[in-house]
Amino acid sequence: MMQVADQIDTITIQITGRFDFRVIKEFQQLLGRDPRTWVIDLGGVDYVDSSALGMLLLLRERVGGDSMRVQLRGVRGQPRDVLLMAKFDRMFKLD
Amino acid sequence: MAYTQRIPLTLAQHAQRAPGKDTLRLLRRVELVFRTREEADDVADLVAGFLPDPVQGRFGLIELLLNAIEHGNLAIGGARKAQLLREHRFEDEVAARFEREPFSARRVHVAVTVAFPTVDIEIRDDGDGFAWRAAVAAELDSADSPNGRGIALISRTCFPSLHYRDPGNIAVVRATWPR
């Protein structure tokens, strides 16, 4: 499940449960926006698959590879293991 | 689509539903045949319960099952998928191919063979196979593409035994329970 908070320069996407292939379409619809900063709150996520990694990389492309414009928050458990294994800590700001 | 309405179990709920060693000692073989990604989700939930680490195992299984559908049965290659994802047309393409011959008649076949403490899983699709050795050896830190790292990721985490039978339409993994 995804909740979106649209502030002045920041869009916060809060995801709960599984961040996987089921949310591709919903996530991609948000990529049409162009805030200064994206915050992806994964504090409520207990599972990611490689589709989620793909969504995050599309977002990274969207901001021209500027890692300061995308923050991944609350990453723990299986999602943290997967993101670190995929070396996303080199490409994103992980809080 | 239907699967967006499904409320998946949490990982903790899955762990509670897993059959456990006593049941696995009685189990010999399970076969499943399915077509859609919604069904793949259910199959991954079920088969993960046969593995010693159902959380890691589920991650690996869903990658293999979705690959079998998207790349195998629906014949959407890696580069094509990347293009479709960037153009936000991937979901529509998947839906269209499911309705079209020859893709609509294709199935994924999963066989789980248990000789406790060993669990062998074979996942066969009806597609033409793919260059699986390159997929297994792919670099994980490439940011060039939004897809194409799933196979490499799971071969280095949950399924180190992962290999394919040529031409690449049969994935084989083995998991072993601690005694």
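The model is predicted: local features need pLDDT of at least 70, side-chain atom pairs count only at pLDDT 80 or more, and totals for chains, interfaces and linings use all residues. Residues are numbered from 1 along each chain as its sequence is written, and chains are lettered from A in the order in which they are written.

**Sheet of chain A**

In chain A, five strands form an open, mixed sheet in the order E1-E2-E3-E4-E5. Strands (E, at least two residues) and helices (H or I, at least four) are DSSP runs numbered from the N terminus; two strands pair if DSSP finds at least two bridges between them. Strands E1 (2-6) and E5 (93-94) of chain A stand at the edges with a single partner strand each, so one side of each has no neighbour in the sheet. E3(A) and E4(A) (residues 70-73) run parallel and are joined by four bridges. A:Trp38 stands opposite A:Val70 of E4(A). Helix H3(A) packs on the sheet, where it touches E2 and E3 of chain A, and its direction makes about 115° with that of E3(A). Axes are lines fitted to C-alpha atoms, for helices over the stretch in contact, and angles run from 0 to 180 degrees between N-to-C directions.

**Helix pair of chain B**

| Item | Value |
|---|---|
| H3(B) and H4(B), angle | about 150° |
| H3(B) and H4(B), distance between axes | 9 Å |

H3(B) spans residues 37-48 and H4(B) residues 54-73. Residues in this contact include B:Ala40, B:Val43 and B:Ala44 of H3(B) and B:Leu61 and B:Leu65 of H4(B); contact requires C-beta atoms, placed from the backbone, within 7 Å.

**Interface and core**

Between the chains, 23 residues of chain A are in contact with 26 residues of chain B. On the side of chain A that touches chain B, H2(A) supplies the largest share, six residues.

The largest nonpolar core has 66 residues, and those with the most contacts inside it are A:Leu56, B:Ala44, B:Val47, B:Leu65 and B:Ile123. Such a core is a set of buried Ala, Val, Leu, Ile, Met, Phe, Trp, Tyr and Cys residues joined through C-beta atoms within 7 Å, where buried means that 20 or more other C-beta atoms lie within 10 Å of the residue's own. H4(B) supplies the largest share of this core, eight residues. Not counting residues up to four places away in sequence, B:Leu65 touches B:Ala40, B:Val43, B:Ala44, B:Val108 and B:Ile123.

Technical notes: Contact = placed C-beta atoms within 7 Å. Buried ≥ 20, exposed ≤ 12 C-beta atoms within 10 Å, placed from the backbone.
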